[in-house]
Amino acid sequence: MIPTRVLPLRVAPLPGESLDSWLEALARRNGLALRVMLSVLRLPRIFTTRLLVTSLEPHVLRQLEHVTGLAPGRLNAAVLDTGFPLGPQRQPRCRFCPQCLTERDGRWLLRWWLPWVFACTTHQALLHDLCPRCHTAPRRTLPSRTHLHPPGTCLHTGSNRAVCGTDLRATPPRPLHPGDPLLSAQRWTDDLLAHPETTNANTVFRDLNTCTSWLLHTLGATDLQDMGKMARDAWDRRPPSSRNTRLQPLSAAVRGVLAHNARPILAGPEAEAIDIIRRFRRRRDTTKSPTPPGMTFQHWGQLSARAHRRFLRAADPEMRPMERLRLRSTTSRASYPSTDSAQSTTTRLQHLPQLLWPSWTVRLIPHEGTEENFFRAMASALLLLPGEPERTPRETTDRLHPYLPDTMGHVLRRSIRKHPHVLTALSRLADHLDNQGSPIDYQRRRALIPAKPISFDAWKQLCFDTGTQPGESPQSTSPTPRFVQAQRHLHQLLTGSDLADPAHPLAWQSPGDRSRYLAFLPTLNLDQHAALRDHAHNLLGELGIHEPLTWEPPETLAAGLSLPGQPLTDIDLTALERIIFTQKRTPTEAARELGTTLTNVRFALERISPKPREWTSRHTPLEAWRLRQRARVVLTPEFLDHEYTQQEKTLTQIAQEIDLPRHIVAEQARAVGLTIFYSRRPHPIQEDWLREQYLTRKHSTHHIAQQIGTEDETIRRRLQQLGIPLRPQGVHSRTVMTANLDDSVPRNIRAAVEGTLHGWLRLHRFQIAMAFPNLTSAGTYLGADQSALTTQFQRLETNIGFTLFHRSSHTTPQHPTRQGKSLLRQLRTPPIQKLMTDALTPDQNLPFPDTATITAATTTARHRTNPGPLKPFDDIAVERIRITRTTITLLQELLTRPREEFFGFQIHARTGLALGTIYPRLKQLAQTGWLTARTEDEQSWWERAPAGCGPGRRRTYYTLTPEGTRAATHEVQRYTLKKMTEQPDKTADKMPGHSGKDPGRSKTD
């Protein structure tokens, strides 16, 4: 690495000199041009002079100090801080004072690069902006040929590459008299620049830069009367105002005029600044926007908080009420909301009830024209508006009251019509919540507090403890019981909820319902209020909420404000009590006489206890509670045991002796566990005997009751007292259902009989049926339908767990399986036959069929022949099918609409035939040529799809063919003729055997 060399010829920088001026002097000392000198010093290649004082990195300056032999940090004073808002990077020109150039041997000051340095206070002269000869900024571009010209020369190169060469030191000065406003303005900016703390200077210069276009647009000739001719002439030649955020190339005189007029606005007393801004606003068309005419929204957003506050307070009288509240323009904290303000409003929402606090409602509500609950809801929502950066009024209202209409602006305008300080009060409340917070998190309470914060039993006990009536029960037909009103009051007390919200579970159902609630509140005495508050405290504790029950912002926030109402405590409670409770006048009349609002009267009534009412009837809930309290003291278990059990007195006698109603005595007796007899007292039933009769011997309760001469219900109640489970009523309690056969009985027979009602009957019928060739002939003998026998034998097979017989066919009679033969052998044994005979009634116990009966049945079964193949039609060109009754019904329906296209579900709807029968038969008819079939087309398939669903399966449409119509007509006519010619042989001899009908022929036994 090559070590850095130190220049042999060096020049020390002068105090206040700029880096570009010092480098130019250094280049002259070494006989080099400035561009060559920059290359020797290994500085970045630069074409614009201002970059030398604004863009060099610190390590470059340190290297330059080392090469030139300067102390570290010495060059920091020769460049501008990159954080300074109004350096040359915003205005690429350098002004100059000819006298200073002469005194400093052509060396340039750093401060001349600053746009708001426009005068020399040393020589009391206005700075020059341009070379008097070439009329260009002298140092706009990097000076060239510096070693060929003396210091203080204009080195601007023209289009012919010739250097101007004008000696700027000889430029005539532009003197100012000692009291010139431009010098005063320059001293103000010099003081800002000289202060070691640059924060204030940065803020002022940034605001000064932002206000430039507005002042150019606003200032007039009257504002320049105290300035000299040079300033007024320069102002007349000023360029038009621009919406560009960059600094405009303004002359030093124009800069001075702007600084002079901006000084009281930006740095003067706030009251004076507000007056000046308002005076300037009145010169243009009045707008409701806080942004002054001539200032772009981009410029407006660049103002500091202090400048914003002054402009907002100045525009306050002309702004819309909603904007005045959102921007807090009526207070000293007026500011334009930032994105950080959204967090403040979100936090504020946690501390806001849905209805404004009572004391502040009384202070802010107008005397007339506004409904109380609506105002309280809107006023609470309005407290979310101060500092809100993004949300519209509608969105702001929805955060607390989604149901309310968008009338927030209307309510606010009505409130401030006669009392503008309402805006200030709302702003102070919002600021207090932001700064001090609230001990109550209403948002958490709204989420945790149950919809019904007090039960009816708790409400009754609370009323009884305070000597008041609880009112109607929740099941009463009353429009709104007092219990529901108490729930509403308690929920509103805890959460500040808005009961006008239809989504609230306790919401008012009608205007009359709200009126009943407002009438309920004055009926609560002070003891009830205290008890309700105690209940609310306990509920908060149960929910883990450790907060005060209620809280309101301090009244001191209204100090110095003229508001519609007086403090809540400024009302004569004695006079109010006399008007309401003694004279029985309405709250409206009381408000009119006391000179206050109806809202104030309603809240004040909660601090007055109405006169207690005397209740003498025993039928009131309060008296009934007192009687029950007395019963608990008198009717002890020992007293009732002695009087009722031992002395055998009736409850009526006991009630008469102690002067209590009988039903209360009965309640207390049941409460202490006393057994009450509602009829004559029965003889005791021994537990062991009853268990033996009911559990061991399986006797029914009716049978046991007959044995001891009592009622069936008495036995059932005694069994329940002993904890013995009762058998199901009906068939399941019969002996045949509960009896168990001996283990000597074969397992299959026990499985068929135990736990069933007609098990022996099914076994008996199975034994007889197996002697016949089929179930038809067996059913004729047994007097039962074939279907009934089929069902009974299937039940028998299910209970035993085996198939018992093979069903008959056209060529083969029915016959038992191996398990069936085993069962028949077991049934023929004498012990089983005896059990079966004992279990069956005489009508059910049929004799075994004789040989003649079985022979006749067998002969009849043998004559059954297979129907064989179907005979084809003679002149109909379709295949013939076997016709059943179901097929005839289908064909009859098709013939009513022979040319109409149909699908299967239509036939089901018209005939009631099962879909499982219709679709196979339609498919068979289509295959044999009776019908044509087509699949539903794509368009129809999608058009019948329900909204939001798929179309489902495609339909198949059928139509009778001409030949199919002929075939169907032929078969229907043939079936009808056959039905008409058939003569049922009702007098034919029956088969030998039993001919009577069995009551057990039902399918379900």
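This is a predicted model: local features need pLDDT of at least 70, side-chain atom pairs count only at pLDDT 80 or more; totals for chains, interfaces and linings use all residues.
Pro474 touches Phe456, Pro481 and Phe483, leaving aside residues up to four places away in sequence, where contact means heavy atoms within 4.5 Å. Residues are numbered from 1 along each chain as its sequence is written, and side-chain values use heavy atoms, with hydrogens and water left out.

Pro474 lies in the loop between α22 and α23 (482–495); helices (H or I, at least four residues) and strands (E, at least two) are DSSP runs, numbered from the N terminus. With a relative accessible area of 35%, Pro474 is partly exposed, a term for values between buried, which is under 20% relative accessible area, and exposed, which is over 50% (1.4 Å probe, protein chains only). Pro474 and Val484 are 10 residues apart in sequence, and their C-alpha atoms are 7.5 Å apart in space.

The helix α22 (residues 456–465) also packs with helix α29 (residues 621–634), at an angle of about 85° and with the axes 10 Å apart. Axes here are lines fitted to C-alpha atoms, for helices over the stretch in contact, and angles run from 0 to 180 degrees between N-to-C directions. That angle makes α22 roughly perpendicular to α29, since angles under 35 degrees count as roughly parallel, over 145 as roughly antiparallel, 65 to 115 as roughly perpendicular and the rest as oblique. On the α22 side the contact is made by Gln461, Phe464 and Asp465, and on the α29 side by Pro621, Leu622 and Trp625. Sorted by class, the contact of α22 with α29 has 4 nonpolar, 1 polar and 1 charged residues, where Ala, Val, Leu, Ile, Met, Phe, Trp, Tyr, Cys and Pro count as nonpolar, Asp, Glu, Lys and Arg as charged, and the others, Gly among them, as polar.

Another helix pair is formed by α44 (residues 885–895) and α48 (residues 962–981), which pack at an angle of about 125° with their axes 10 Å apart, and α44 and α48 are therefore oblique to each other. In this contact, Arg885, Ile888, Leu891, Gln892 and Leu895 of α44 meet Thr965, Ala968, Thr969, Glu971, Val972 and Tyr975 of α48. The residues of the contact of α44 with α48 divide into 6 nonpolar, 3 polar and 2 charged.

Turning to the strands, β1, β2 and β3 form an open sheet in the order β1-β2-β3, with antiparallel pairing; two strands pair if DSSP finds at least two bridges between them. The edge strands are β1 (119–120) and β3 (174–175), each of which pairs on one side only. Strand β1 is joined to β2 (residues 125–126) by 2 bridges, and the bridge partner of Ala119 in β2 is Leu126.

Leu127 lies in the loop between β2 and β3 and is buried, with a relative accessible area of 1%. Not counting residues up to four places away in sequence, the residues that Leu127 touches include Trp112, Ala119, Arg174 and Ala252.

Elsewhere, strand β6 (residues 931–935) is joined to β7 by 5 bridges, and the two run antiparallel. The bridge partner of Thr932 in β7 is Thr959. Strand β7 (residues 956–960) is mostly covered, as 4 of its 5 residues are buried.
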